[in-house]
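Hi,

Here is the structure I promised to pass on. Have a look first, and then read my notes below.

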Amino acid sequence: MFEGNVLVLNKSWAAVHIASARRAMTLLYVGAARAVHPNHYSLHDFEDWVELSQNGLGGRYIHTPNLRIRVPEVILLTLFNGFIHHEVRFSRQSIFERDKMTCQYCGKHFSRSQLTIDHVMPQSRGGGDTWENLVLACLHCNVRKGNRTPDEANMPLLIRPYKPAWMPHFGARVPVDQLQVWKKFVDTSHWTVPAREQAAS
């Protein structure tokens with residue numbers, strides 16, 4: 001009933017958070033936020049949004065005994081104008097999340113037990129434990145690469161490893177049609193560009 005995520009903007013229209021649909025609807029209902037129209041970005045309070053929802057805006061809806069109410073893709077907070085800092089913690093789990101359980105050499109999806117964390121520049125040659133030097137690799141690719149760099153092993157990476165910003169953690173669960181609305185407020189290109197294109201950029 002209350003599935004999905006909603007982009008939260010501060011009073012200056014800067015993206016500051018991603019809320020659950022339930023939380024976003026609560027903020028809208030109590031007047032702490034306004035819904036942003038998905039087409040022309042006008043602002044609407046709860047009553048106005050309920051009325052608009054009856055005219056058919058497409059997208060996701062919640063249903064009450066008497067009404068259907070569209071879940072907005074974006075809401076704007078009426079009072080808060082600061083920023084919420086979401087630092088992605090450097091950990092093994094974060095590497096698995098960033099690389100989406102996919103070997104960064106062969107591109108195949110594996111279970112966690114079939115993946116290892118590989119040093120792009122081997123540790124024995126000065127490669128450190130950093131966002132930019134660690135990638136997921138399946139057991140076969142890890143053995144094949146050995147103590148070489150990807151260039152030396154002729155095993156190009158699918159995506160150049162990077163430190164993720166706070167939002168990519170949510171990207172895999174955001175429907176494509178929702179991303180179209182979010183593009184107005186955040187850079188969503190890294191969620192939609194094919195992996196091989198990213199590596200070439």
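Let me start with Arg98, which counts as buried at 6% relative accessibility (buried is under 20% relative accessible area, exposed over 50%, partly exposed in between, with a 1.4 Å probe and protein chains only). Arg98 forms a salt bridge with Asp99, and their closest N and O atoms are 2.8 Å apart (that is, a side-chain nitrogen of Lys or Arg within 4 Å of a carboxyl oxygen of Asp or Glu). Asp99 is buried too, with a relative accessible area of 7%.

Bear in mind that this is a predicted model, where local features need pLDDT of at least 70 and side-chain atom pairs count only at pLDDT 80 or more, while totals for chains, interfaces and linings use all residues. Residues are numbered from 1 along each chain as its sequence is written, and side-chain values use heavy atoms, leaving out hydrogens and water.

The structure holds four salt bridges. Another of them pairs Arg70 with Glu73, again with 2.8 Å between the closest N and O atoms. Arg70 counts as buried at 3% relative accessibility, and Glu73 does at 5%.

Then there is Asp118 with Lys145, whose closest N and O atoms are 3.2 Å apart. This pair links distant parts of the chain, as Asp118 sits in strand S8 (residues 115-119) and Lys145 in helix H4 (residues 139-145), 27 residues apart (helices, H or I with at least four residues, and strands, E with at least two, are DSSP runs numbered from the N terminus). Both Asp118 and Lys145 are buried.

Cheers
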